[in-house]
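Here is a friendly walk through a structure, from the overall fold down to a few residues. Please keep the sequence and the model at hand as you read.

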Amino acid sequence: MLLNSSSTAQYMNVLERALAGVTACLLCLVFLWVNFMMLYTLRSRAVFREAARHVLLFHLLFSDTLEMVLSQVLFVLAYVRVLLFFPLCALLVLMTHASHNFSPLMLVLMSLERFVAVCLPLRHAAIATPRNSACACLAAWAFTIIMILVRLSYMLPPSALSVLRSQMAQTCNSLVLYPTAESRLFDEALLYSLFLAAFLSITGSYAAVMRAAWSLSTDQASARKARTTLLLHLFQLSLMVVSTFHDVLLVALYHALPRLVFSRVQTVMYILLIILPKCLSVLVYGLRDPTIRAALVLHLCCHIGLKQ
């Protein structure tokens, strides 16, 4: 009887764990589908391809989608306890870091575009051109790659390599890349410096828009919409900062909680800290724009109709 009860409890635990993982994966797939449809919408019409804010939104959404795909891969590997050797794990984690670092840079560019639109309306058409927006996005990607190269140069000293060579295949997360306390501290300093610079840039743009709103010559409706957008930028940036604690919290909770409880917390944290923040671009920027909203709904409805 005791053996049967133990087997039943173990089976129920495995079943619950599997259902939680499948639920998280299905939710991620739904959000990925919406993001892909949003990307398609932004490239489907010339009016979207030629507007600076839509070009910036496309790159932000592409970065969020890429990070969501990579995070989903890492989540599945960790959830089913698949062990990876360091080179493959490093590639996945560094690509995730690259997309994560790129997003705050895009928020800064989008904030500057709103600043120019409100504070320099006569020069907005000359400054916020599709060509300039594309060049700014390329510069942001280049800066992101430089940050990754800096991480690599600091991550691979002889002392760190000796630690890595002594380890076999292991669970893949961002902490694997930084085996020493010094390397983790350097990575955190680099990342939070980026977030601080983004925060100051967005806050400065918001202050300038607020100041411009007091002027009678400023379009009040445009200024009010820009203020709301900048506040949403700050909210999204704060969620990015919170998501950086995901792996650290998981490691701490892994040693403090029972295995089943940890699996539940792992799924909830993955949804709240990783998946939901990456879906805000569609909700915040896509659905607030009437033109994008109409085109997105049309594409979603047509796609669902074709499947039926």
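## About the model

This is a predicted model, in which local features need pLDDT of at least 70 and side-chain atom pairs count only at pLDDT 80 or more, while totals for chains, interfaces and linings use all residues. Residues are numbered from 1 along each chain as its sequence is written, and side-chain values use heavy atoms, with hydrogens and water left out.

## Overall make-up

The chain has 13 helices and 0 strands; helices (H or I, at least four residues) and strands (E, at least two) are DSSP runs, numbered from the N terminus. Read from the N terminus, the order of elements is α-α-α-α-α-α-α-α-α-α-α-α-α.

Of the 308 residues, 42% count as buried. Buried means under 20% relative accessible area, exposed over 50%, and partly exposed in between, with a 1.4 Å probe and protein chains only. Among contacts (heavy atoms within 4.5 Å) with a separation of 6 or more, 80% come from residues 24 or more positions apart.

## Helix 4 with helix 8

Two packed helices are described by the angle between their axes and the distance between the axes. Helix 4 (residues 86-119) packs against helix 8 (residues 181-213) at an angle of about 15°, and their axes are 9 Å apart. That makes helix 4 roughly parallel to helix 8. Axes here are lines fitted to C-alpha atoms, for helices over the stretch in contact, and angles run from 0 to 180 degrees between N-to-C directions. Angles under 35 degrees count as roughly parallel, over 145 as roughly antiparallel, 65 to 115 as roughly perpendicular and the rest as oblique.

On the helix 4 side, the residues in the contact include His100, Asn101, Leu105, Ser111 and Phe115, and on the helix 8 side they include Leu191, Phe195, Ile202 and Ser205. By class, this contact has 16 nonpolar, 5 polar and no charged residues. Ala, Val, Leu, Ile, Met, Phe, Trp, Tyr, Cys and Pro count as nonpolar, Asp, Glu, Lys and Arg as charged, and the others, Gly among them, as polar.

## Helix 3 with helix 11

Helix 3 (residues 52-79) and helix 11 (residues 259-275) cross at roughly 175°, and their axes come within 12 Å. The two helices are therefore roughly antiparallel to each other. Met68, Ser71, Gln72, Phe75, Ala78 and Tyr79 of helix 3 meet Ser263, Gln266, Thr267, Tyr270, Ile274 and Ile275 of helix 11. This contact divides into 7 nonpolar, 5 polar and no charged residues.

## One side of helix 10

In helix 10 (residues 246-254), the buried residues are His246, Asp247 and Leu250. They cover an arc of only 90° around the axis, so they sit on the same side of helix 10. The arc is that of the directions from the helix axis to the C-beta atoms.

Serine 111 is in helix 4 and counts as buried at 0% relative accessibility. Leaving out residues up to four places away in sequence, serine 111 touches Ile202, Ser205, Leu230 and His233. Threonine 144, in helix 6 (residues 130-155), counts as buried at 1% relative accessibility. With residues up to four places away again left out, threonine 144 touches Ala98, Asn101, Phe102 and Leu105.

Leucine 66 lies in helix 3 and is partly exposed, with a relative accessible area of 27%. Leucine 66 and serine 99 are 33 residues apart in sequence, with 6.7 Å from C-alpha to C-alpha in space.
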